[in-house]
Amino acid sequence: MTKSDFIFMLVRSALWKTPIDHFDMTPKEYRLVMEDGDKQCIMGLISDTLRSNNMGLQKKCVIHMLKLQNSLLAENKKINENLKALCELFKAHHLKMFVVKGQTIGMLYPKPELRMPGDIDFFVPPSDFKRAVEVVNAEWGLDLSKEEKGKHLEFDYNGTFFEMHRILREFPYRETQRKFDSILAECQEEYIEVDGYKTPTLPPTFNVVYTFLHLYHHFVKLGVAIRQLCDLAVLLHHHRDDIDKAQLKEWLEQLGFINAFTAFGTILTEKIGLPEEDFPFPITPTDRKYGAKALKLILKHGNWGKYDRKTKDKKSLAFLVEKTYFRINNQFLFMHLSPKYNRSLLFGELPQKSAQAIKKFFKRKE
């Protein structure tokens with residue numbers, strides 16, 4: 001069994017509560033597995049399997065694992081409290097919003113407190129956005145007025161990082177942007193309880209579309225971790241009876257990502273352990289070929305694609321060149337999965353952003 005096979009076995013056990021045979025781990029083996037767990041943002045899942053199945057670990061490894069779990073528990077609790085404060089603030093002022101990803105998907109895990117958390121992303125419709133900024137400024141003592149350009153505003157409140165989106169997903173071509181925005185405009189809030197508080201989020205079918213598009217966007221540009229794949233898997237599993245498969249297929253085809261979705265479905269079913277009946281579409285040999293290529297990069301580069309890089313200095317020109325090469329390689333390698341999207345990135349967005357980055361680099365050197 002390879003190390004990656006071993007890690008996926010631990011992940012599957014944590015997500016689907018399947019028991020595994022007892023084994024002993026040396027401190028070195030534990031360290032190597034946890035290093036990959038950190039790289040893939042799944043340390044909590046790995047620790048859950050090791051603890052739940054009472055694996056043989058030395059005392060110092062057990063202490064490390066317990067500290068990790070307590071840290072995740074505290075961080076998730078803090079984020080959930082701040083998410084509740086956000087929801088109550090918007091509810092009090094009759095402002096519409098959708099909370100996406102993050103804690104709303106984390107609650108679908110068998111043990112939400114052991115999912116490695118991130119920030120809080122939420123979308124506010126254009127009709128409410130300006131007033132939402134005013135409310136956040138007034139009630140939370142912030143000043144977002146200077147940051148009102150771009151697709152979202154970023155701010156810190158009570159130790160939690162927030163992203164308030166005016167554009168939920170940005171596309172490099174207008175036709176698809178209009179289609180995506182029109183679907184979003186028709187969405188009605190669904191609610192999921194986060195630590196007992198009803199939190200507004202996207203309806204199941206569109207939630208799958210958005211969650212996948214966010215994953216795939218970052219995969220092509222930077223890289224993603226196994227945690228993002230786990231998020232999509234638990235979302236599909238939880239809503240297996242709620243997803244409108246015909247509608248899902250229509251939206252993915254209209255947006256140009258049906259091939260990408262089915263390719264990643266091979267990783268979800270064959271590695272993450274999502275039951276095949278929970279994945280909404282048939283999987284072909286071509287899907288498996290591209291899924292294997294994608295998984296190879298995910299395992300190599302990890303979260304945000306920041307691992308296994310030759311250049312460590314993010315401010316250097318060499319780092320910029322390497323990052324640009326990585327993007328170009330991905331967009332050519334996975335052209336079949338989303339042809340229009342990848343071409344638009346290659347010949348539209350990439351040259352523009354590369355020129356901006358080079359200009360910024362040399363300006364910093366002056």
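How many residues does helix 9 have, and how far does helix 9 reach from its first C-alpha to its last? Helix 9, residues 226–238, has 13 residues and reaches 18 Å, close to the 18 Å expected at 1.5 Å a residue; the expected span is 1.5 Å times one less than the number of residues.

Quick caveats, folks. This is a predicted model, where local features need pLDDT of at least 70, side-chain atom pairs count only at pLDDT 80 or more, and totals for chains, interfaces and linings use all residues. Residues are numbered from 1 along each chain as its sequence is written, and side-chain values use heavy atoms, with hydrogens and water left out.

Helices (H or I, at least four residues) and strands (E, at least two) are DSSP runs, numbered from the N terminus.

Back to helix 9. Eleven of its 13 residues are buried, so helix 9 is largely enclosed by the rest of the structure. Buried means under 20% relative accessible area, with exposed over 50% and partly exposed in between (1.4 Å probe, protein chains only). Among those buried residues are Arg227, Gln228 and Asp231. The buried residues pack against helices including helix 1 (3–16) and helix 12 (285–301), with contact meaning heavy atoms within 4.5 Å.

Now the strands. Strand 5 (residues 190–194) pairs with strand 6 in the antiparallel sense over five bridges; pairing takes at least two DSSP bridges between two strands. The two form a hairpin with two residues between them, and Asp195 in the turn has a positive phi of about 50°. Val194 sits opposite Tyr197 of strand 6. Four of the five residues of strand 6 (residues 197–201) are buried, so strand 6 is largely enclosed too.
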